[in-house]
Amino acid sequence: MKRICFAILAIFLLAAAPWAAEVEVLKPRGNLEIKLGHPSTISFYDMPAVMTQERLNSHGWNIKSVEFTRTDLNVQALAQGTVQIANSQVMDPVRAIQKGAKLFFVMENNGGEFVMVAKNEIKDCKDTDGKKFAIHGEAATTSLAVKLWLLNDCKVKPNIMVVPGGENRIVALQNNQIDATLLQLGDWLNLDSQAPGRYHIIRTGSLFNISGSSFWANAEWLRKNEEVATAYFAELLKSFRMVHANPKIMEPVVAKYLPDMPKHIIAPTIKAYLEVVRAWPQNGGDTSILDDTVKFFTESGELKSAVNTREMVEPKILTMAINRVGKITGAR
């Protein structure tokens, strides 16, 4: 009961305070330098992590974001210890672990958020046959999933093109360099605002339920920096809870880091991520995103050998982080 009351009080205080101030910052013993890897440029779903970074850095931490042009490079850097934590979709870490990398799933960041977007003349997936279809990268979870779906379910063969970065695929679409692509929900809302009525979403059923992202950590770094890792993820949970309690606190962060996003769609995009994407779970979510992705790619034949997802999860860090900030009853 005491822990629940503390969590409720904390949420009340956070809702009333500016996001960068009046929030107690944990200062554990150890090296407070962390490099956080991103599979592309900073995106909408990264905003709470950016908030956390700015807050902690103003209190003596040294957290840096490292942006990669390919999803596999992000996880390769994590395996090598070049970055200590990475925000990633599931397949790249799973592949790396199968090859011997020592990585652990720590907690969820967001649920499925990708959509297939096309010019209006492309009515459904069958109309993509022979058309220029852009993906982020050959090995990216969503890119691989849509290639398998188009080939096996829609029975079509688009002209697949690799265009890293959602913002670059938006430009390519607007310049008629591609006919259809995959976009994160935030990028789609941005495009639809810039060019209303020119593009639409192609229905893909539940295909992109597996397109969410999660936080993975280098196992050796976790072992040597357990206290620092626990404090960092506790602070990240604080940021998640701050956004849930008062979504407006994220608006200036989005305006700063995503300046091309029209101001009038920032608030509805935050709302969509909270309600539709189920982003930034206040208790760190669960491992269903890992389990569902492995199941999908195993059934499709992409994963040839059995995968035990339980061996990929390090539950201790999230459990200790929740112990630091309290658990919110009824929340994920």
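**Aromatic pairs and salt bridges in a predicted model**

Hi everyone! Let's start in helix 4 (residues 91–98), where Arg 95 and Asp 92 sit three residues apart, which means about one helical turn separates them. Helices here are DSSP runs of H or I with at least four residues, strands are runs of E with at least two, and both are numbered from the N terminus.

A quick word on the source: this is a predicted model, where local features need pLDDT of at least 70, side-chain atom pairs count only at pLDDT 80 or more, and totals for chains, interfaces and linings use all residues. Residues are numbered from 1 along each chain as its sequence is written, and side-chain values use heavy atoms, leaving out hydrogens and water.

Back to our two residues. Arg 95 makes a salt bridge with Asp 92, with the closest N and O atoms 3.2 Å apart. Salt bridge here means a side-chain nitrogen of Lys or Arg within 4 Å of a carboxyl oxygen of Asp or Glu. Asp 92 has 6% relative accessibility, so it counts as buried. The cut-offs are under 20% relative accessible area for buried, over 50% for exposed, and partly exposed in between, with a 1.4 Å probe and protein chains only.

How many salt bridges does this rule give? The count comes to 16. Another one joins Lys 248 and Glu 251, at 3.8 Å from N to O. Lys 248 is exposed at 58%, while Glu 251 is partly exposed at 24%.

Then there is Asp 286 with Arg 332, at 3.7 Å from N to O. This pair links distant parts of the chain, 46 residues apart: Asp 286 lies in the loop between helix 11 and helix 12 (288–299), and Arg 332 in the segment after helix 13 (315–325). Finally, Arg 55, Glu 235 and Lys 238 are linked in a salt-bridge network.

Now for the rings. The structure holds seven aromatic pairs. Rings of Phe, Tyr and Trp (its six-membered ring) pair if their centres lie within 6.5 Å; planes under 30 degrees apart are stacked, over 60 edge-to-face, and the rest tilted. Phe 44 and Tyr 273 form a tilted pair, 4.8 Å centre to centre with 40° between the planes. They are 229 residues apart, with Phe 44 in the loop between strand 1 (33–38) and helix 2 (47–57) and Tyr 273 in helix 11 (residues 266–275). Which of the two is at 0% relative accessible area? That's Tyr 273, which is buried; Phe 44, at 4%, is buried as well. Together with Trp 280, Phe 44 and Tyr 273 form one aromatic cluster.
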